[in-house]
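Please open the model in your viewer and keep the selection tool at hand.

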Amino acid sequence: MPLPEQGAGIAAERVALAAALGKVRDQISSGIDSALRRGATAESDIFAAHLALLDDPELLAAAENDIAAGRGAGFGFRRAVRAQCAILAGLGNQLLAERVADLKDIERQVLVALYGEPEQGPELFDASILVAEDLAPSALTRLPRGKVAGIITAAGGASGHVAILARSLGIPALVACGPSALALEQGQTLVLDARAGLAHPRPGAADLAAARAEIEKLEARRRMMQASANAPAITVDGVAIEVAVNIANADDAREGVAHGADAVGLLRTEFLFIDRRDAPNQAEQTAAYQAVLDALDGRNAIIRTLDVGGDKDVPYLQLPPEPNPALGLRGIRTGFAYPDMLDTQLRALLAVKPLSRLRILVPMIADVGELIRLRERIEQLAGEMNLSERPQLGVMVEVPSAALLADQLAKHADFLSIGSNDLTQYTLAMDRCNATLAARIDSLHPGLLRLIAIAVDGAKQHGKWVGVCGAMASDPQAVPVLIGLGVAELSVSPRLVPEVKSLVRGLSRRHCEEEARRLLTLASPQAVRGRVTELWPGA
Ligand code: PEP
Ligand code: MG
């Protein structure tokens, strides 16, 4: 995009840049909200990282310098971004180099906000394979999903955001193929086998027939898995594993039921609270929770109390700015800091019917004192409401201390649910929103597996069950490991229920148990994944 080097006056360019940054900030924030509403945490984490890049003081200072020297806002911003990209690319570190794609994405969005250049989408046919130098994560989420059969990029990396997003959207992708990928011609026939990591640029009739047969086979497998999705997931040695869904609303609940979910394993109630001017009142909340229970046709629902703070902001609470939000007021801590809001939510939950199908889950519990305090409050409110029944009460294990103290928690809780997203972040001390660390935040880290083993053993001492509601439950390689560690419930995205159930049905719990204990002795997530591939090649 040709940009005016000369500015239209320092003050005007400053105002223009500030307005453009504000516009992009709003766009990204609504992208985060919409991803959160869909429960697409990979997507929301990536956009949260973009938001942080947009506010990078170094970047803004460099742009400001150019503006102060009389240059145009766009020219200055682009120069600032490009200078950072050059530094990152030159460090020879693949992870840092991948941040370049994120920076260029930000640059493009800011320039479009400044100069209103219409974005031209690619010309797509049905079942197109999109070939690009690189793709901006935001562009990927805007692609018409029905038309894109696959993606090939010359740049990027396996742990880059395009790869992560494509996986979560279910689009086969080959990334980092090198410049030869760009020699492919518009409209040419191409066979992409993302599982094998291969693209066949000049398929003959036989290759095409084989590819079509393979697509048909995969489709038949998907149909077969869907056909048996309603049946329970029982291992070959007779252990039933509950496969539940993570949802945000009643529509998701219906989607989960259609895909064979046994229950709702996590309803993130944040979605009711974000994107509005004030908190929802009791009646509104009860209606939303009841709608979820009603959509479930007799199945149970685990509904989590509000988990805001950290990377999930609710503007009307005016949470104090914190230097380390992830380590500050969030989860149940925010609930205790705003007792009226917590009480309203608890009353709203206690008003649903029947309470026997409701399980309340508490986020960010660090020790048993918090759990007892909450249980007492629920008891008090239920007494005031003259209720004869009580819902079950569960604890999220997402703070390492909760895993270590699981035996104490399980004495007072009805069940535990491992929030592997946060448990990984806090165990490895790696920010889950940090794009640079994305590839290293791996839940199959032996440190995390040991904590899960401790949590399950602690719960067993009191005869309580443990589920997993973080993204780890949706990772096919983690499924045999979690079952081996004694996990009884896996809560996954609705689309994945049939696949996870089918995977469980092929496993022996006894075998998983024997092998999982050995995995705890390995030294890295790579070693764990390597061994899992040998043991369960289909996972
Ligand atoms: C988790 O931390 O694993 C979890 C399920 O909660 P959230 O992703 O909403 O923080
Ligand atoms: Mg969490």
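**First stop: a parallel sheet**

Select strand 2 (residues 148-153) and strand 3: the two run parallel and are joined by two bridges. Helices (H or I, at least four residues) and strands (E, at least two) are DSSP runs, numbered from the N terminus. Two strands are said to pair if DSSP finds at least two bridges between them. In general, strands of a sheet pair through backbone hydrogen bonds, either parallel or antiparallel. Isoleucine 152 has leucine 174 of strand 3 as its bridge partner. Now widen the selection: three strands form an open sheet in the order 1-2-3, with parallel pairing. At its edges are strand 1 (128-132) and strand 3 (173-174), each of which pairs on one side only.

Before continuing, note how the model was treated. It is a predicted model, in which local features need pLDDT of at least 70 and side-chain atom pairs count only at pLDDT 80 or more, while totals for chains, interfaces and linings use all residues; side-chain values use heavy atoms, with hydrogens and water left out. Residues are numbered from 1 along each chain as its sequence is written, and chains are lettered from A and ligands numbered from 1 in the order in which they are written.

**Second stop: alanine 166**

Select helix 7 (residues 161-169), where alanine 166 is found. Is alanine 166 buried or exposed? Alanine 166 counts as buried because its relative accessibility is 0%; buried means under 20% relative accessible area, exposed over 50%, and partly exposed in between (1.4 Å probe, protein chains only). Apart from neighbours within four places in sequence, alanine 166 is in contact with Leu140, Ile171 and Ala173, where contact means heavy atoms within 4.5 Å. Threonine 141 is 25 residues away from alanine 166 in sequence, and their C-alpha atoms are 8.7 Å apart in space.

Across their boundary, 12 residues of domain 1 are in contact with 15 residues of domain 3. The area buried between domain 1 and domain 3 is about 1200 Å², with carbon and sulfur atoms giving 58% of it. Buried area is the accessible area (1.4 Å probe) that two parts lose on being put together, summed over both.

Select ligand 2, the magnesium ion, which is coordinated by Glu398 (OE) and Asp422 (OD) at 2.1 to 2.2 Å. Glutamate 398 is in the loop between strand 11 (392-397) and helix 15 (400-404), and aspartate 422 is in helix 17 (residues 420-428), so the pair, 24 residues apart, links distant parts of the chain. Donors are N, O and S atoms within 2.8 Å of the metal (3.2 Å for Na, K and Ca); water is not among the atoms, so sites may look incomplete. Both glutamate 398 and aspartate 422 are buried.

Next, show strand 11: five of its six residues are buried, so this strand is largely enclosed by the rest of the structure. Strand 10 (residues 358-362) pairs with strand 11 in the parallel sense over four bridges. Isoleucine 360 stands opposite leucine 393 in strand 11.

Select proline 354, in the loop between helix 13 (339-350) and strand 10. The peptide bond from lysine 353 to proline 354 is cis, with omega near -10°. Proceed to methionine 364, in the loop between strand 10 and helix 14 (368-384). Although not a glycine, methionine 364 has a positive phi of about 65°. Methionine 364 is buried, with a relative accessible area of 1%.

**Last stop: helix 22**

Select helix 22 (residues 525-535), whose buried residues are Pro525, Val528, Val532 and Leu535. Seen down the axis of helix 22, these residues fall within an arc of 90°, so they line one face of the helix; the arc is that of the directions from the helix axis to the C-beta atoms. On the other side, Gln526 and Glu534 are exposed. The cover over the buried residues of helix 22 includes helix 18 (446-460), helix 19 (478-484) and helix 21 (509-519). Finally, select glutamate 515, which lies in helix 21 and, at 8% relative accessibility, counts as buried.
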